[in-house]
Amino acid sequence: MKRIAILASGTGTNTENIIKYFKNSSLISVTLVLSNKKEAKVLEKATRLGVTSSYFDKNSFRNTNAVFTILKEQADYIVLAGFLLKIPLKIIEAFPNKIINIHPALLPKYGGKGMYGMHVHNAVVKNRETASGITIHYVNENYDEGAIIFQKSVEVLVCDTAEDIAQKIHVLEQENFPKVIEKVILENG
Ligand code: GRF
């Protein structure tokens, strides 16, 4: 059984979708959900779905081995699903090509520090882009810079608001993220 730990900071729609997708898998399971935000809705969602979830503060994540040790003991892969902190090098090095992130834009455009959630979609509207999409990539020590695993684009209409784009991206995430994670794990072993 390959074990996935999910790191998330927010609502958790991707986390919920991934947990449900692997619920009946005999090969892959989500064993842990961790968040840097005590009140993050993702923690309630994980608990409701029967997955162990807990909170850690930024300082312990960055300056102690607490989270690193839990991940090493309980996970083979790490999935970032709306996680807003940079991953410490020690964790990156311990999980080579085993940390997967989803970004709500077509990287390398609209990536990097501060580019998350509506900030991304507002920038896409402001620049009058005619397409946006999702990027699923391996994680390295910098925001949104690891090797790209999968991208899918969606048309942006002139009349689309940032909220319209967010909804289109949400659909792409729901449809593709679990399948891409499964493909990576089954191919990498
Ligand atoms: C998603 O848009 C994802 O692309 C980005 O953060 C958001 C997480 O949303 N990395 P949710 O918390 O899974 O609903």
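A molecule is taken to sit in a pocket if more than half of its atoms lie within 2 Å of the grid points of that pocket. In this predicted model, the ligand sits in the largest pocket, which has a volume of about 870 Å³. Of the 37 residues that line the largest pocket, Gly-82, Phe-83, Leu-84, Tyr-116 and Gly-117 are the closest to its centre. At least two lining residues are supplied by each of α1 (13–21), β5 (99–103), α6 (118–126) and α7 (162–188), and the largest share, 4 residues, comes from α7. Divided by class, the lining of the largest pocket comprises 16 nonpolar, 17 polar and 4 charged residues.

The shell around the ligand consists of Gly-10, Thr-11, Gly-12, Thr-13, Asn-14, Gly-82, Ile-102, His-103, Pro-104 and Glu-173, of which 2 are nonpolar, 7 polar and 1 charged. An oxygen atom of the ligand lies 3.3 Å from a backbone N or O atom of Thr-11, and an N or O atom in the side chain of Thr-13 is 2.5 Å from an oxygen atom of the ligand. A polar backbone atom of Ile-102, in turn, is 2.8 Å from a nitrogen atom of the ligand. The ligand taken alone exposes 370 Å², of which the protein buries 81%. The elements giving two or more residues to the shell around the ligand are α1 and β5.

The second largest pocket holds about 170 Å³ of space, and the residues that line it include Val-124, Arg-128, Glu-129, Asp-160 and Ile-165. By class, the lining of this second largest pocket has 6 nonpolar, 1 polar and 3 charged residues.

Technical notes
Residues numbered from 1 in each chain as written. Predicted model: local features only at pLDDT ≥ 70, side-chain atom pairs only at ≥ 80, totals over all residues. Heavy atoms only, no water. 1 Å grid on protein atoms, 1.4 Å probe; cavity = no way out; pocket = protein on both sides within 12 Å on 5 of 7 lines; lining within 4 Å. Points joined across faces, edges and corners; volume = space filled by probe spheres on them. Nonpolar A, V, L, I, M, F, W, Y, C, P; charged D, E, K, R; others polar. Near = heavy atom within 4 Å. Polar contact = N/O pair within 3.5 Å; in protein donor to acceptor, adjacent residues only side chain to side chain. Areas by Shrake-Rupley, 256 points an atom, 1.4 Å probe, with all protein chains shown as cover.
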